[in-house]
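Dear colleague,

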Amino acid sequence: MQNVSTAPDVATPRLMVRTTAAFYAMGGTAVLGLASVDGPRTDGRVLVLIGVVALVGALLLLGVGERVPRAAFHVSVLAGTGLISLAVVVAPDPASAVAAAAIYVFVAVDAFLFAAWRPAAAHLGLALVAQPLCLGAVPGVHPGVMVGTTLVCLAVAAVTGLLVQRASSASRDGLTGLLNRRGFDAVMDAVRAGEPVALALLDVDRFKQVNDVHGHGAGDQLLRSVAAACRQAAPAGTAVARLGGDEFALLLSTGSAARALAGVEAVRTALTGCAFSAGIAVRTDGESGADLLRRADTALYAAKAGGRGRSVLSGGDASRTAVDLAAALAAGHVTVALQPIVSLADGSTVGVEALARWQDPERGPVSPAEFVPAAEAAGLVGDLGATVLRAACTDAGRLATAWGRRVLLTVNVSGRELVTPGYADRVLQTLADTGWAARDLVVEVTESLLEASSALALETLTRLRRHGIAVAIDDFGTGWSSFSRLDTLPADYLKLDSSFIATSTTSPRRAGMLRALLELSGTLELTVIAEGVETVEQEELLTRLGCPLVQGWLHSPARPVAELVATEPVPAAA
């Protein structure tokens with residue numbers, strides 16, 4: 001049986017909007033027809049206005065209805081009730097008033113099709129009270145007509161409610177009250193192309209053992225407990241289903257792997273005395289529901305094969321660190337620290353590099369050396385990168401405002417991000433959302449990544465550069481580095497690795513290499529930034545060799561933006 005506190009299964013946003021808009025359009029058309037009736041009471045102009053308002057309401061519903069909260073549905077039903085009541089009161093004659101009152105049936109049908117029983121009954125009650133009151137205000141309407149129209153509206157509402165309940169029960173699991181396979185398939189089919197969703201498949205570990213040892217009654221109670229935990233802890237807007245046996249499904253309204261993983265782990269926390277394995281897949285652009293289900297199922301198999309009682313993202317493996325990181329990303333606990341980039345020409349701070357920081361409430365500060373590889377392995381690096389970029393642009397904007405001048409911002413990018421479809425669009429959207437200028441952003445990639453990258457990664461970098469975003473080759477000076485590649489890589493900056501700088505003052509050959517590299521970079525119009533500058537000797541050597549920019553502990557460690565805002569940096573040269 002359908003829960004009285006939940007909306008019917010047919011109440012998908014698209015169907016709700018289209019049906020309600022159709023009722024508005026039909027009701028508005030009917031009222032415009034009544035406006036043409038000659039009668040002793042009104043001249044029809046008010047009815048014309050009501051009809052036009054209803055038609056405009058239909059257009060608004062079709063235009064923006066699917067993007068507004070579900071609560072707006074109740075507002076539209078209440079507004080419809082008000083328009084109908086006004087049309088009845090200003091009807092030109094008794095017959096027209098009765099005809100207008102018949103439109104209350106639309107309210108009854110709409111409410112019981114798409115609202116839970118209690119709010120539907122409230123809408124119906126309001127309509128049943130308004131109908132006789134408004135008809136009673138029209139001279140010449142017989143009380144028997146009022147009773148008859150009220151009973152008709154009540155009967156239509158009752159039949160609609162029973163039919164909806166019958167239809168809902170066909171798509172509901174009898175044991176748990178969740179959607180069954182049929183109902184879940186209908187929800188999957190209703191997901192629009194391009195809508196961000198994630199699918200999680202949950203499988204109760206060792207469920208057969210519970211049935212064998214404790215009996216089927218205990219197994220049924222365990223399944224009800226899992227269903228209750230899913231209802232209680234799953235994020236708002238999640239469709240929850242029991243697909244059969246001990247397998248459950250969550251369709252989450254998010255395109256974020258971190259939020260999807262955090263949602264599943266919230267269910268795990270709410271469920272005591274039972275362990276489950278989970279496979280999670282986030283839908284990619286153009287992916288069908290069948291392919292999404294197949295990927296989630298593959299991830300579930302990997303979770304069970306890997307020891308059970310764990311979650312696995314499609315294409316990754318969620319360690320405990322990754323699970324905690326997903327929760328931190330979803331809660332907004334991952335921030336950035338900014339390390340100043342200093343000009344050796346005048347000592348001014350010309351830019352900052354954004355570095356990810358995670359302060360866990362229980363573990364304290366977690367090193368990027370721990371959580372970045374965990375994010376890579378679990379498939380969370382896209383969410384981590386998006387969080388860092390947005391926070392970096394926001395904080396750098398605050399810093400530029402406080403200092404009253406432009407600030408260069410550099411942000412690290414992973415190889416997985418570069419080959420993710422739509423990455424460049426998301427970067428540009430983040431810039432638009434935060435107001436950070438493309439000309440002041442530098443994305444950092446390692447040369448090893450560029451060497452091994454596909455054509456898609458290089459194409460992404462090329463597109464970013466076309467929009468004014470600069471590219472830096474990071475960690476140059478490590479094992480992959482090759483002078484011969486500098487003229488072929490799509491780059492604007494060269495960041496010398498700290499290990500390269502560390503030996504430059506003690507090794508004449510390394511200092512000679514550094515001089516040659518700086519001269520070659522100048523010829524290729526690459527701006528060099530030396531990383532890891534920690535001593536005065538290193539900086540003096542870099543100054544003599546003509547290195548333009550440095551960063552490192554000699555000038556400042558990475559610091560929160562609030563600390564940098566409070567400082568008075570050396571002003572940039574005019």
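Two strands are said to pair if DSSP finds at least two bridges between them. Helices (H or I, at least four residues) and strands (E, at least two) are DSSP runs, numbered from the N terminus. This is a predicted model, in which local features need pLDDT of at least 70 and side-chain atom pairs count only at pLDDT 80 or more, while totals for chains, interfaces and linings use all residues. Residues are numbered from 1 along each chain as its sequence is written, and side-chain values use heavy atoms, with hydrogens and water left out.

I begin with an open sheet. Its 5 strands follow the order β2-β3-β1-β4-β5, and the pairing is mixed. Because β2 (239-244) and β5 (311-313) stand at the edges with a single partner strand each, one side of each is left without a neighbour in the sheet. From one strand to the next the twist averages 20 degrees. Strand β4 (residues 276-282) pairs with β5 in the parallel sense over 3 bridges, and the bridge partner of Ala278 in β5 is Ser311.

Helix α8 (residues 181-190) touches β1 (198-204), β2 and β3 (247-252), and its direction makes about 135 degrees with that of β2. Contact here means heavy atoms within 4.5 Å; axes are lines fitted to C-alpha atoms, for helices over the stretch in contact, and angles run from 0 to 180 degrees between N-to-C directions. Helix α12 (residues 289-305) lies across β1, β3, β4 and β5, and runs at about 145 degrees to β4.

Strand β6 (residues 334-343) and strand β7 (residues 349-360) pair in the antiparallel sense over 9 bridges, with Val352 in β7 as the bridge partner of Pro340. These two strands form a hairpin with 5 residues between them, and Gly347 in the turn has a positive phi of about 75 degrees. Val352 also has a bridge partner in β9, namely Leu409; β7 and strand β9 (residues 408-412) pair in the parallel sense over 4 bridges. Strand β8 (residues 364-366) runs antiparallel to β7 and is joined to it by 3 bridges, and the hairpin formed by β7 and β8 has 3 residues between them.

Two residues deserve a note on their backbone. Most residues other than glycine have a negative phi. Arg206, although not a glycine, has a positive phi of about 55 degrees, and is found in the loop between β1 and α9 (207-214). Glu525, also not a glycine, has a positive phi of about 60 degrees and is found in the loop between α21 (508-523) and β13 (527-530). Arg206 counts as exposed at 51% relative accessibility, and Glu525 is exposed at 68% (buried means under 20% relative accessible area, exposed over 50%, partly exposed in between, with a 1.4 Å probe and protein chains only).

By contrast, Thr81 in helix α3 counts as buried, at 4% relative accessibility. Leaving aside its neighbours within four places in sequence, Thr81 is in contact with Tyr104, Val107 and Leu126.

Yours sincerely
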